[in-house]
Amino acid sequence: MLHRGQESTDGTGGGELTVPMAWLYAEYIADELLRTGDLMPPTSFEFRAGRDALALTIFLSDTDGELSGIRVVTQLETWLSLTAYDQPWQDWVRERMAGLAAEAGESGGPAPDLELAEAAWRWLQETELLAPDLNAVPGGGAVVGEDEGPKVWTPAWQLGLPLGHLAIHLF
């Protein structure tokens, strides 16, 4: 199994399958954090948005390319700060993705981790989910239930990011 951007041990590349372990591990950690928080059903689009936003955060914050099970607990504060409401998360993701793409271009080898991260990022940007309008000013009558309040179409990353942040807090 090869890791992000590494060649096989004989240096030839030899058509070996490159397994995207860094992305898969980041996605696993994000999935576990969200399941532990029990915030959304795992089959919902909201859960996917949270998992993908959190997986991107985990994957892109791993600058050494060595996600370690032992280091997960020590990284929670970093992930909390990156996913905080007042942080420019979307800009940070774009910058890190561009940097990784440049590194992959220089190495010339396959980058399956990056390809999966790019697919998740595309989905988070292009998909809109119907969510409660948190900016709406209640006018007139009281809202009885969550489903009856004003709704707005929201990019999936804008819904998934606070969900991931809350899951880290609950962990």
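**Figure legends: close-up views of a predicted model**

**Figure 1. Overall architecture of the chain.** The chain comprises 6 helices and 2 strands. The structure shown is a predicted model. Along the sequence, these elements follow the order α-α-α-α-α-β-β-α. The chain has 171 residues, of which 41% count as buried. The accessible surface amounts to about 9900 Å², and carbon and sulfur atoms account for 55% of that area. Among contacts between residues at least 6 apart in sequence, 72% join residues at least 24 apart.

**Figure 2. Helix α5 and the elements that cover it.** Helix α5 spans residues 112–126, a run of 15 residues. The distance from its first C-alpha to its last is 21 Å, close to the 21 Å expected at 1.5 Å a residue. The buried residues of α5 are Pro112, Asp113, Leu114, Ala117, Ala120, Trp121, Trp123 and Leu124. An α-helix has 3.6 residues a turn, so residues three or four places apart point the same way. The cover over the buried residues of α5 includes helices α1 (21–37), α2 (45–61), α4 (89–107) and α6 (156–170), together with strand β2 (151–155).

**Figure 3. The aromatic pair of Trp23 and Phe59.** The structure contains 4 aromatic pairs. In the pair formed by Trp23 and Phe59, the ring centres lie 5.7 Å apart and the planes meet at 75 degrees, so the arrangement is edge-to-face. Because Trp23 belongs to helix α1 and Phe59 to helix α2, this pair ties together parts that are 36 residues apart in sequence. Trp23 and Phe59 are both buried.

**Figure 4. The stacked pair of Trp89 and Trp157.** These two residues form a stacked aromatic pair, with 5.8 Å from centre to centre and 25 degrees between the planes. Trp89 is located in helix α4 and Trp157 in helix α6, so the pair ties together parts that are 68 residues apart in sequence. Both Trp89 and Trp157 are buried. Trp89 and Trp157 also belong to one aromatic cluster with Trp121, a buried residue of helix α5.

**Figure 5. Arg48 over the ring of Trp123.** The charged end of Arg48 sits over the ring of Trp123, at 4.0 Å from the ring centre. Trp123 is among the buried residues of α5, and helix α2 (45–61) is one of the elements that cover the buried residues of that helix.

Note on methods
Residues numbered from 1 in each chain as written. Predicted model: local features only at pLDDT ≥ 70, side-chain atom pairs only at ≥ 80, totals over all residues. Heavy atoms only, no water. Helix = DSSP H or I, 4+ residues; strand = E, 2+ residues; numbered from the N terminus. Buried < 20%, exposed > 50% of the residue type's maximum accessible area, 1.4 Å probe, protein only. Contact = heavy atoms within 4.5 Å. Areas by Shrake-Rupley, 256 points an atom, 1.4 Å probe, with all protein chains shown as cover. Expected span 1.5 Å × (residues − 1). Phe/Tyr/Trp six-rings, centres within 6.5 Å; stacked < 30°, edge-to-face > 60°. Lys NZ or Arg CZ within 6 Å of the ring centre and 35° of its normal.
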